[in-house]
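Please keep the sequence and the structure in view while reading.

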Amino acid sequence: MRLTDKTDTKLVLTDTQADKRFALTAASVFLAGVALFMAWEGFWELLPIAAILIVAMYVYRKRSAMTSTLTLDRAADSVVLVVDDRNGRQTWDWNLSDIETAEISTVGATGTDTGTARPQFVLKDGTRVPMRPYHAAGGQSWHAVAAVKLFLGQDLDDAPVGWITPTEFDELFAEELKRHYK
């Protein structure tokens, strides 16, 4: 999730899954390059196989495309998660005052450790609510958690090493740090 808007009263995080699109495009280009090289070397049989795989990656990319937008608004005391995917638009909402903190979780739906980081809200009643309905890279997960914690005025004492470059951190969170660490 990337920070797309931040004011004193509002925080908006958006994920367009650009990293997945980039990876699938890079894999397709690499596969096409290998297939063309192999065809040049006389192995023409690999061209249709590569073409089928490239089309399959393109179809997967289109079918799994998803955009999620998480908006925390102090003025409205609301948290709204909007997900647009192939099933249409889904919206979830909570009161901002019900959120205690945000954290990274690797526990899956069955209660076992999946090893995949997922950002989640911890509500004041102890309920854990995913900040997005799908797993994503650990770095992106921590960015979302850190942004929410700073927006809520909380410490980042569990931050992983190298989670954000110092310049980006200073640009994005300078005001919160001034208020929080006096």
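Does phenylalanine 121 count as buried or exposed? At 0% relative accessibility, phenylalanine 121 counts as buried, where buried means under 20% relative accessible area, exposed over 50% and partly exposed in between, computed with a 1.4 Å probe on protein chains only.

The model is predicted, so that local features need pLDDT of at least 70 and side-chain atom pairs count only at pLDDT 80 or more, whereas totals for chains, interfaces and linings use all residues. Residues are numbered from 1 along each chain as its sequence is written, and side-chain values use heavy atoms, with hydrogens and water left out. The mean pLDDT of the chain (pLDDT being the predictor's confidence in each residue, from 0 to 100) is 82, and 79% of the residues reach 70 or more.

| Element | Residues | Mean pLDDT |
|---|---|---|
| helix α2 | 46–63 | 92, the highest |
| helix α4 | 166–180 | 69, the lowest |

**The sheet.** An open sheet is formed by 5 strands in the order β1-β2-β3-β4-β5, with antiparallel pairing; two strands pair if DSSP finds at least two bridges between them. Because β1 (2–6) and β5 (88–94) stand at the edges, each with a single partner strand, one side of each is left without a neighbour in the sheet. Within the sheet, strand β3 (residues 67–73) and strand β4 (residues 78–85) pair in the antiparallel sense over 7 bridges, and serine 68 has valine 83 in β4 as its bridge partner.

**Helix α1.** The buried residues of α1 are Lys20, Leu24, Ser28, Ala35 and Ala39, and what covers them includes α2, contact meaning heavy atoms within 4.5 Å. Glycine 42, with a positive phi near 105 degrees, follows α1.

**The aromatic pair.** A search of the whole structure finds 1 aromatic pair. Tryptophan 94 and phenylalanine 121 form this edge-to-face pair, 5.7 Å centre to centre with 65 degrees between the planes; rings of Phe, Tyr and Trp (its six-membered ring) pair if their centres lie within 6.5 Å, and planes under 30 degrees apart count as stacked, over 60 as edge-to-face and the rest as tilted. The pair links distant parts of the chain, with tryptophan 94 in strand β5 and phenylalanine 121 in strand β7 (residues 113–123), 27 residues apart. Tryptophan 94 is buried, with a relative accessible area of 17%.

Methods. Helices (H or I, at least four residues) and strands (E, at least two) are DSSP runs, numbered from the N terminus.
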